[in-house]
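I opened this one to go through its chains, its interface and a few side-chain pairs. My notes are below, in the order I looked things up.

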Number of protein chains: 2
Amino acid sequence: MKLKQAIELDRKDSLKKYKSHFLNSKKEIYLNGNSLGKLPIKSIKKIRKTIDYEWGDRLVRSWNEKWLDLSDNLEKKLAKILGAKKREVKIGDSTSINLYQIVFSLLKSNLYKKSLISDSFNFPSDNYIIEGISSNFNIKNPTIINYSQDISAEINLIEKAIKKSPGILCLSLVSYKSGWMYPLKKLNDYAKKNNSIIVWDLSHAVGATHIDLKKTNTLAAVGCSYKFLNGGPGAPGFLFVDNSIQSKLENPIKGWFGHKLPFKFSDKYEAANNINKFDIGTPGVLSMVGMEAGLDIITKATTKSIRKKSISQSEYFISLINQELDSYNVKIESPRDPLNRGSHVTISHAESWKICRTLAKGSKKFPKIICDYRPDKYIRFGISPLYTSFQDLYHTINALIEILKTESYKKIKKEKNRVT
Amino acid sequence: MKLKQAIELDRKDSLKKYKSHFLNSKKEIYLNGNSLGKLPIKSIKKIRKTIDYEWGDRLVRSWNEKWLDLSDNLEKKLAKILGAKKREVKIGDSTSINLYQIVFSLLKSNLYKKSLISDSFNFPSDNYIIEGISSNFNIKNPTIINYSQDISAEINLIEKAIKKSPGILCLSLVSYKSGWMYPLKKLNDYAKKNNSIIVWDLSHAVGATHIDLKKTNTLAAVGCSYKFLNGGPGAPGFLFVDNSIQSKLENPIKGWFGHKLPFKFSDKYEAANNINKFDIGTPGVLSMVGMEAGLDIITKATTKSIRKKSISQSEYFISLINQELDSYNVKIESPRDPLNRGSHVTISHAESWKICRTLAKGSKKFPKIICDYRPDKYIRFGISPLYTSFQDLYHTINALIEILKTESYKKIKKEKNRVT
C-alpha cells in the first residue's frame with residue numbers, strides 16, 4: 001500500500017476542487033456523509049440572510065418576496081439531478097411522511113392491488129410506515145422478503161414475490177447496511193409487466209450515484225436531503241411522482257398548502273392540479289434554505305462524474321481492505337461488483353463498535369476518522385466524492401491496520417451513543 | 001385622541017423591556033405578529049451556532065451532543081407555557097400534520113363516536129384536514145357549524161351539534177378572522193358530559209393569551225409556533241395529548257423517530273410508550289432551533305402578564321377606532337368583550353385591500369404599518385404584547401384617519417399578493 005498512489009489518484013481527480021466548497025476540518029477525516037453531509041460554505045450566507053434580512057427585517061413580506069417560490073426553485077434543481085421533470089418532484093416534509101403520502105394514495109387509487117411488499121434491506125422506518133398503513137387499512141401485513149445473506153438482494157426472490165402477489169413494493173435503491181444497489185430499470189420494468197409499482201427510497205443513493213428516474217421508468221420515489229445532498233440536519237425529504245399517474249393520486253393529508261389557492265381561504269379543499277397537491281402545511285423555511293447550495297454543487301459537478309469517482313474510490317478502498325486487513329478478521333460486507341454498490345462500503349468485525357470509537361478518537365498515529373457503526377457488527381464508510389479524497393481512504397486503512405495490530409480498541413468502554 | 005395618553009400607557013407598561021429582545025426596525029410599525037412573529041435577537045446566535053459549529057464542525061456527532069435532546073427541551077418549555085405536563089407536548093411536524101395525527105388516532109381509538117364537527121370560524125386548513133380524513137375513512141362528511149354573523153361563535157349551536165351527533169370536534173381557540181375566543185373550559189366540560197372531545201387549534205392564541213390546558217380540562221390540541229411564539233418562518237407545529245388518553249392513541253404515521261428505540265434499527269415497530277410515539281421522521285433541526293429564544297421570552301414575561309397587556313391594548317385600540325373612525329364606514333369585526341377576544345383586532349371596509357397596502361407603503365405623514373388583509377374585506381391588526389406599544393396603536397389610528405380622510409388608498413392598483 002503506497003501513499004504515492006493515493007496522492008497520484010487525488011492529483012488526477014477532476015472533482016477535487018469541490019472539497020473547498022464545504023467547511024472542512026483539517027484535523028479529521030469525515031466518512032459519514034451517508035448519514036449527515038458536510039456544510040456547504042454558501043449555505044452559511046444563505047441561511048444568515050434568511051434569518052437576518054428575510055425574517056428579521058422583511059418579516060411576513062418575505063413570503064411573497066421569496067419563500068413562496070422557495071420549494072419551487074429547489075424542486076426544479078432536484079428534478080434535474082434526478083432526471084425528472086420539474087413538476088414531478090415535491091420537497092417538503094420528512095421522508096417518512098412522504099412515503100406515507102405516496103403509499104396511502106396508491107392504495108386509495110385502486111391503480112394496483114392492495115398488496116404491500118418490502119424487503120429486509122429496506123430502511124426500518126420505511127417498513128414501519130408501510131406496516132402502519134396496512135394495520136390502519138385492514139389489509140394484509142406487508143410481505144417482507146428475506147435474503148440468504150446480508151450483502152446482495154436476490155432479484156429472483158423479488159420477482160417471485162411480485163408474481164405471487166402483485167401490488168405496491170417499497171425498496172431502498174441503495175441499502176443502508178451493505179450499500180447494495182438494485183437494478184432500477186430492470187425491476188421497474190418487471191413490476192410494470194406484472195401490474196405492480198415500486199416506490200423507491202433514494203435516501204442513500206441520491207447525490208452520490210447517477211439516477212435517471214425517467215430513463216429507468218421509475219414511477220414513484222422518496223428520499224432525504226441531509227446525506228449526500230448536504231442539505232443540513234433534518235433537511236426536508238422529497239417525493240417524486242411520475243406525470244403519468246399524478247392525476248390519479250390524492251394526498252391523504254389535505255393541508256392548505258396543497259390547495260389550488262391556499263390564500264383564498266376558501267371553505268372547500270380543492271387540490272392543486274399538479275405536484276403541489278402533495279404539500280401539506282407551512283414549509284419549514286430555515287430547513288429548506290439549507291438545501292440549495294448542496295444542490296447547486298452537485299449540479300455543477302454532475303452526477304455522472306460523481307458516480308464515476310465514487311466507483312473508483314470504493315474500488316480503491318475495497319482493494320486496500322482485501323490487501324491489508326484480511327488477516328485481522330475484517331470482512332467486507334458490501335457487494336463486490338461496483339454496479340451493484342452505492343457509495344458506502346461496509347465491513348464487519350466482532351469489535352466493530354470499539355473500532356469505530358477508536359477511529360473517532362484519533363491518536364498520535366492517525367487523525368480522527370468519523371464513520372459509523374450499525375448494529376450489531378457493521379462499520380460503514382461513506383464516500384462522498386465531492387469532498388472525500390483518495391488520501392482520506394488511504395489514511396483510514398492505515399489507521400485500521402494500526403488499531404487492529406495493536407488492539408488499541410480494547411481500551412474503549414462499553415456504553416454506546418444513541419446515534420452511532 | 002391624545003399622544004400623551006399613549007406615551008403614559010407605555011411608560012406604565014411592565015412588559016416594555018421585552019421589545020428590545022427582538023429585532024426592530026425603527027421605520028415601521030409591525031402589527032402582523034399573528035401571522036409571522038418577530039425575530040428574537042438570541043435566535044440569531046443560536047441558529048448561527050447550530051450551523052457553524054454543530055453542523056459545520058461537529059457534524060453527525062451533534063445528534064448525540066445536542067439535537068436528540070432538542071425537541072425534548074423545547075417541549076418542556078412549551079408545556080409550561082401551556083399549563084401542560086412535560087410529556088404531554090410534542091413538537092415536530094406542521095400543524096396540519098399534527099391535527100391529522102390526532103384526529104386519525106382518535107377515530108381509530110374508538111374512544112368516541114366517528115362523528116366529526118367543526119365550524120366556519122376554524123382555520124381552513126383544519127377543515128380541509130378533517131374533511132380529508134372523513135373522505136378517506138368512509139365516514140360521514142364533517143358537520144360544519146355556521147353562525148348568524150362573522151364575529152362571535154354561538155355556543156348554543158356548538159352544544160346543539162354535540163348533542164345531536166357526539167364525537168370529535170375541532171375548533172380554533174382564537175378564530176383567525178374575528179379573533180373570537182371560545183370559552184375553553186365550558187366547552188370541554190360540555191363535550192365530556194356528552195361523550196365528545198374537542199381538539200383545539202391554539203395557533204392564533206398561544207403566546208398572546210393565557211392558556212391553562214389542564215385547568216380547562218383540555219384533552220387534545222395542536223398549534224403553530226411561528227405566530228405569537230416567534231419561532232420563525234415555518235417553525236414546527238406542536239400537539240398536546242392529555243396523559244389520560246395517551247396510551248389509547250396510536251400514531252397513524254409510524255416513522256422511526258416514534259419508535260421506542262429508533263437507533264436499534266429493529267425490524268418491528270414498537271411505539272414509544274410516551275408522547276414521543278407521535279414523532280415521525282428526522283426532525284428539522286434548523287427550524288426547531290429557531291423556537292427556543294421565543295419560548296424563553298414568553299416564560300420570563302409570563303402569559304398572565306402578556307394576556308393582561310393584550311387586553312388593555314386591544315381595548316385601547318378598539319376605543320380609538322370607535323372614537324375616530326366611525327364616520328369612515330369602518331366596522332369593528334372583533335368581539336367587544338375582551339374575554340371573548342384573542343390578541344388581534346379585525347376591522348372591515350369596502351376598500352380593505354387598498355387601505356392595507358397604503359398602510360404598508362407608509363407616507364410622509366405616517367411610518368410603514370404592516371398588518372394583514374384577509375379576503376374579502378377584512379384587515380387584521382395583530383397585537384403582540386411583547387413588542388407592540390400603545391404608541392404603535394396610536395400612530396396606526398392616526399394613519400387610518402389620514403388615509404380615509406384623503407382617500408389616498410385610491411392610488412393603489414388592483415393586483416394582490418399571494419400572502420396578504
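Before starting on charged pairs, I wrote down the cut-off: a salt bridge is a side-chain nitrogen of Lys or Arg within 4 Å of a carboxyl oxygen of Asp or Glu. I also noted that this is a predicted model.

**Interface, chain B with chain A**

I looked for a pair that crosses between the chains and picked Asp52(B) with Arg48(A). Their closest N and O atoms are 2.9 Å apart, so the pair falls within the 4 Å limit and counts as a salt bridge.

Which elements of chain B supply two or more residues to the side touching chain A? They are strand E1 (28-30) and the helices H2 (41-58), H3 (62-65), H5 (95-109), H6 (124-136) and H10 (285-289). H2(B) gives the most, with 9 residues. By type, the residues on that side of chain B split into 38 nonpolar, 25 polar and 17 charged.

For the extent of the interface, I got 80 residues of chain B in contact with 80 residues of chain A. The buried area between the two chains is about 7,300 Å², and carbon and sulfur atoms give 63% of that.

**Chain A overall**

I counted elements next: chain A has 14 helices and 13 strands. Its radius of gyration is 22 Å, close to the 22 Å from the globule rule for 420 residues, so chain A is as compact as a globular protein of that length. The C-alpha trace spans about 70 × 60 × 40 Å along its principal axes. I checked burial too, and 65% of the 420 residues count as buried. Of the chain A contacts between residues at least 6 apart in sequence, 73% join residues at least 24 apart.

**His349(B)**

I found His349(B) in the loop between strand E10 (344-348) and helix H13 (352-361) of chain B. Buried or exposed? His349(B) counts as buried because its relative accessibility is 10%, under the 20% limit. A polar atom of the His349(B) side chain lies 2.9 Å from the backbone nitrogen of Glu351(B). Leaving out neighbours within four places in sequence, I listed the contacts of His349(B) as Tyr328(B), Asn329(B), Val330(B), Ile355(B), Lys377(B), Leu404(B) and Tyr409(B).

A search of the whole structure gave me 48 salt bridges over all chains. I went through a few.

- Glu8(B) pairs with Arg11(B) at 2.8 Å between the closest N and O atoms. Both lie in helix H1 (residues 3-12) of chain B, 3 residues apart, about one turn of the helix. Glu8(B) is partly exposed at 31% relative accessibility, while Arg11(B) is exposed at 53%.
- Glu250(B) and Lys254(B) meet in a salt bridge at 3.0 Å, N to O. Here Glu250(B) is partly exposed at 39%, but Lys254(B) is buried at 8%.
- Lys410(B) bridges to Glu407(B), with the closest N and O atoms 2.9 Å apart. Lys410(B) is exposed at 53%, and Glu407(B) is partly exposed at 37%.

How values were computed: Residues numbered from 1 in each chain as written. Chains lettered and ligands numbered in written order. Heavy atoms only, no water. Contact = heavy atoms within 4.5 Å. Buried area = accessible area lost by both parts, 1.4 Å probe. Helix = DSSP H or I, 4+ residues; strand = E, 2+ residues; numbered from the N terminus. Nonpolar A, V, L, I, M, F, W, Y, C, P; charged D, E, K, R; others polar. Rg over C-alpha atoms; globule rule 2.2 N^0.38 Å. Buried < 20%, exposed > 50% of the residue type's maximum accessible area, 1.4 Å probe, protein only. Polar contact = N/O pair within 3.5 Å; in protein donor to acceptor, adjacent residues only side chain to side chain.
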